[in-house]
Amino acid sequence: MKKVDVVLTESLNSIIGPVQTIKRIIRESEYFRENDYEIAVFTTDNIGATNITKFKSQKNLCIERLKEFARWCALHSKIYGKVRLDALFNETHRLLDYYNSLNRQPDIIVFHSIMDCYEYYKNFKKDNSAKTVLFTHSDGFIMAMLISYFPKLIGTKYHKELLRKADFVMSNIDTSACIAKIEEKNILDQYPQIKGKTCLVVNGIDDLTKEQLLEVEEIKKLEYNFPYRLVSAGSINGRKGQRKIIEALNKLPKELQKKISVSFIGDGPERITLCDLVKEYKLQNNVFFYGAVPNVEVYKYLAKSNICILMSEMEGLPIALLEGIRAGLAIISTNVSGIPEIITEDYNGKLLEPTVDELVKLLRNIEKYDWATMGVNSREVFEKQYTFTRMKKDYLNMLNKTIER
């Protein structure tokens, strides 16, 4: 039995995409054992929550305002960005130090963070003969997504040092696991030396049960006040583009506004700001915030909608859109990263540039499109390409190829 250790500086209570994938892998442990792989997972849950983790999880108005201020600092302060990242990397060191103390001898170590992988190589690898796999969960531009949260660091010595660390990791890993085709292409363009070391493990999620699918159909049959019910799921931190949706809705004629609602699923440092914006624009009857919904409950909120919208400027292959097509929703999203791999224009959705003006143009013509048929097509796309049944086979193939190297 070959041993695989998965290491990630994050809690399994997090709702981010990589964590949800890891939890699916854990649930499918028997499948991997049947194929001669025993998988163990190591996260920050093993070492206890730091003050940073506790701060992130607290829910009251004072804490929410502090998070909002922290987000402002992240956008406007080089010093804050450096301090914040150093604190996060210190958590990485704590986890890898703990992991090293276990003296494990796996055949493969799978990382879902480039800094976790760097920390392992620089301080802990030593004589460990384990093969390494890195998921970067992006469109292939290493560090771009991380640094996007701290834009003032772009071009600084600190940023250049991060890129140097990324180069080091990419030159040493055994396998670069890619969640989207565009990620694989972009990585190979930047790091031609790893040709032959990439492996596609395209994102996939569990299908709904028969009972849940029937529940979705019943929910869809209910009568609703708005003929066009948009839903946007994801962390409310600026990168997912929720503000653009509110701005676009505000620019529509009043009569058209009466036909459109938007539901936001998720939480984050910009939620309070967006709530204030909704009040300013007098859109309280159109825009609804549901906060952080448990992953197992998200499908119920999606079923009440008929269009899934995501206005991101940067992504990998977003789980939120996979949940949308699984629920049989038409998609409105941006022509960036791996998103065009999910959406075929006018077949199961609409692609546009990530700007308010582009979204306004589309919404002004919302009545011209057959969203119901696009929703049916979305469900077919999900069944053919994006189930976890397919993804776990890709994952197994990736492990096999890594062992062979």
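Buried means under 20% relative accessible area, exposed over 50%, and partly exposed in between, with a 1.4 Å probe and protein chains only. By that cut-off, 54% of the 405 residues in the protein chain are buried.

This is a predicted model: local features need pLDDT of at least 70, side-chain atom pairs count only at pLDDT 80 or more, and totals for chains, interfaces and linings use all residues. Residues are numbered from 1 along each chain as its sequence is written, and side-chain values use heavy atoms, leaving out hydrogens and water.

**Overall fold**

The protein chain has 18 helices and 12 strands. These are DSSP runs numbered from the N terminus: helices are H or I with at least four residues, strands are E with at least two. The radius of gyration is 21 Å, close to the 22 Å of the globule rule for 405 residues, so the chain is as compact as a globular protein of that length. That radius is taken over C-alpha atoms; the rule is 2.2 Å times the number of residues to the power 0.38. The C-alpha trace spans about 70 × 45 × 40 Å along its principal axes.

Contact means heavy atoms within 4.5 Å.

| Site | Residues | Buried |
|---|---|---|
| Strand 8 | 260-265 | S261, relative accessible area 5% |
| Helix 9 | 181-190 | E183, E184, N186 and I187 |

S261 touches F226, Y228, R229, L230, N286 and F288, not counting residues up to four places away in sequence. The cover over the buried residues of helix 9 includes helix 8 (157-172), strand 5 (175-178) and strand 6 (198-200).
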